[in-house]
Amino acid sequence: MPDIKITPLGAGQDVGRSCILLSMGGKNIMLDCGMHMGYNDERRFPDFSFIVPEGPITNHIDCVIISHFHLDHCGALPYMTEMVGYTGPIYMTHPTKAIAPILLEDMRKVAVERKGESNFFTTQMIKDCMKKVVAVTLHQSVMVDSELEIKAYYAGHVLGAAMFWIRVGSQSVVYTGDYNMTPDRHLGAAWIDKCKPDLLITESTYATTIRDSKRCRERDFLKKVHECVAKGGKVLIPVFALGRAQELCILLETYWERMNLKYPVYFAVGLTEKANNYYKMFITWTNQKIRKTFVQRNMFDFKHIKPFDKGYIDNPGAMVVFATPGMLHAGLSLQIFKKWAPNENNMVIMPGYCVQGTVGHKILGGAKKVEFENRQVVEVKMSVEYMSFSAHADAKGIMQLIQYCEPKNVMLVHGEAVKMEFLKDKIREEFHIDCFTPANGETCVITTPIKIPVEASLSILKDEAKKYNAEPPDPKRRRIVHGLLVMKDNKISLMSIDEIFNECGINRHVIRFISKVKIDDPGPTPRTIEKLYNLLNERLSGWTVTMADNGSINVESVNIKIESEEAAAAAGAVTAGPQAATTSGGPPPHKICSVSWVNQDEDLGSYILGLMQSL
């Protein structure tokens with residue numbers, strides 16, 4: 001039986017640095033190529049030496065698929081292609097191709113220009129890397145080579161995020177990347193066909209969480225922000241430039257307008273202006289409401305939200321600031337946090353998941369002091385709130401996706417080990433399928449049944465449909481197709497006997513079976529034939545029953561003849577023993593019915609013969 005092998009180089013029982021190696025049908029595919037936000041050393045990138053100890057990996061990987069532009073899914077891509085060495089195809093959607101290089105360049109600036117790191121990719125490397133990218137559209141079937149096929153499906157989560165269906169021969173895998181099963185204020189919900197893959201590789205960031213109603217969360221968020229600014233406090237909302245940022249901006253903008261509030265709301269510009277331009281450009285990826293209102297006004301042109309200047313950090317009075325990045329691991333959001341944290345009137349609202357090792361993760365864990373690399377210690381007196389506006393699927397959403405696409409096996413990645421174990425048990429219990437949770441560097445082997453595709457000829461299918469439709473409807477009745485399996489040009493086809501003889505140029509030999517039955521029916525033979533003809537028409541409603549000029553009856557290849565006993569005896573057809581006495585010159589009561597058929601109509605011939613015997 002053929003095997004599917006999966007090895008996570010990142011995101012195995014861990015969140016961040018998503019990079020999964022998939023091997024099936026002799027093909028090697030890399031699913032995502034991300035970096036870890038919690039590390040500043042070599043651990044931030046996946047360990048590519050697992051693929052080949054040293055040197056380029058082009059000969060060992062058939063293609064790379066990037067699910068979306070978040071750095072934990074694409075952050076190591078330029079490092080792999082330009083520094084490790086990979087020249088093969090990279091597949092992602094159009095919005096991902098447009099936005100990923102901007103985020104990569106922003107991260108490079110932070111790492112190299114501000115932190116002075118070496119062994120990092122350059123601006124030119126990002127450009128060279130993006131030249132290798134092939135952009136795909138949703139539901140477009142892409143043949144990577146003659147055997148490897150991929151197709152992208154809408155994943156929600158962020159602009160351009162996609163799940164990928166991957167097929168090699170008869171084996172198939174669905175990789176979800178990050179996805180969201182509930183629509184939000186700017187994106188729709190994830191959707192996929194009932195494709196029944198051999199394996200579904202799904203994220204499990206919120207493996208044990210079932211989120212409450214979105215409305216309640218939004219109300220709570222607005223109430224907390226309003227209360228804080230009303231007492232003169234400052235609210236910091238760390239976000240990533242794309243996705244949650246737009247979601248929360250639309251929410252605050254609508255609330256400020258409705259309540260007629262005058263407190264300043266700022267968005268740290270830079271990336272965001274470009275980000276909003278991409279939302280305008282790829283408007284078809286957003287949800288129905290935004291697409292409808294786009295004709296009158298652009299939902300991403302905000303009236304109350306103004307660009308932020310660093311000089312505003314020390315401004316007195318209340319304000320709300322959206323700043324990047326979202327986990328407080330670097331950049332402007334961390335700079336503002338350091339300034340505002342010691343003041344108890346201020347508040348930080350973490351709207352999404354924070355990876356271990358980041359400042360966001362520490363303060364959510366209750367840390368009252370945070371130490372930085374330069375030995376600077378910041379006291380955290382500001383209130384810390386966590387409100388999940390995360391665009392990841394929760395436990396309910398993951399179960400929903402499994403129900404949708406009906407996989408034969410499930411693998412959980414991009415989550416925490418303990419939470420994964422809980423969800424793994426739930427999946428096994430509810431769907432009765434195997435569930436795997438490999439750690440980084442651990443290879444998981446999944447055996448799949450051998451599937452042999454067979455092409456059926458049109459005439460065979462039409463014959464089956466004719467027979468099936470002739471009978472009363474019954475959804476439970478099995479549909480059986482009769483034919484012979486023929487192998488030609490490495491393809492297997494199911495063909496009818498006539499088609500095979502035509503294909504091979506052979507004359508067909510036909511075997512006919514003949515069986516004779518004695519029936520008692522006084523009266524002339526033509527009357528018996530007529531009775532029988534009417535009976536067959538009544539019993540075989542789906543078949544064509546015809547009568548020939550010589551008095552024989554035909555149904556398909558079945559032929560029925562009726563003769564008087566004397567005529568049959570005279571023809572030497574049957575040895576009848578002592579002659580039965582005939583009544584004064586009238587027709588004999590015994591007749592001989594001969595039923596013949598060819599082997600294809602065995603069932604029909606047997607049925608008619610049984611009918612004759614019961615008369």
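A: In this predicted model, domain 1 and domain 2 bury about 2,800 Å² between them, and carbon and sulfur atoms give 66% of that area. On the side of domain 1, L159, R185 and H186 supply 29% of the area buried against domain 2, more than any other three residues. The contact draws on 34 residues from domain 1 and 31 residues from domain 2. Between the C-alpha centres of the two domains the distance is 27 Å.

The rule finds one salt bridge across the interface of domain 1 and domain 2. Polar contacts across the same interface come to nine residue pairs, with both residues of each pair at pLDDT 80 or more.

As for secondary structure, helix α3 (residues 94–114) gives nine residues to the side of domain 1 that touches domain 2, the largest share of that side. By residue class, this side of domain 1 divides into 18 nonpolar, 10 polar and six charged residues.

Domain 1 is made of two segments, 3–210 + 391–447, and domain 2 covers 214–386. The assignment also gives domain 3 (455–504) and domain 4 (512–566 + 588–614).

For the whole protein chain, the count is 17 helices and 30 strands. The radius of gyration of the chain is 37 Å, well over the 25 Å that the globule rule gives for 615 residues, so the chain is more spread out than a compact globule. Along the principal axes, the C-alpha trace spans about 130 × 60 × 45 Å.

In domain 2 (214–386), the peptide bond from T324 to P325 is cis, with omega near 0 degrees. P325 sits in the loop that joins β15 (319–323) and α9 (331–340). In domain 1, whose segments are 3–210 + 391–447, A11 has a positive phi of about 70 degrees although A11 is not a glycine. The loop between β1 (3–10) and β2 (19–24) holds A11.

Conventions. Residues are numbered from 1 along each chain as its sequence is written. This is a predicted model: local features need pLDDT of at least 70, side-chain atom pairs count only at pLDDT 80 or more; totals for chains, interfaces and linings use all residues. Side-chain values use heavy atoms; hydrogens and water are left out. Domain bounds come from an automatic or database domain assignment. Contact means heavy atoms within 4.5 Å. Buried area is the accessible area (1.4 Å probe) that two parts lose on being put together, summed over both. A salt bridge is a side-chain nitrogen of Lys or Arg within 4 Å of a carboxyl oxygen of Asp or Glu. A polar contact is a pair of N or O atoms within 3.5 Å; within protein, one must be able to donate a hydrogen and the other to accept it, and residues adjacent in sequence count only if both atoms are side-chain atoms. Helices (H or I, at least four residues) and strands (E, at least two) are DSSP runs, numbered from the N terminus. Ala, Val, Leu, Ile, Met, Phe, Trp, Tyr, Cys and Pro count as nonpolar, Asp, Glu, Lys and Arg as charged, and the others, Gly among them, as polar. The radius of gyration is taken over C-alpha atoms; the globule rule is 2.2 Å times the number of residues to the power 0.38.
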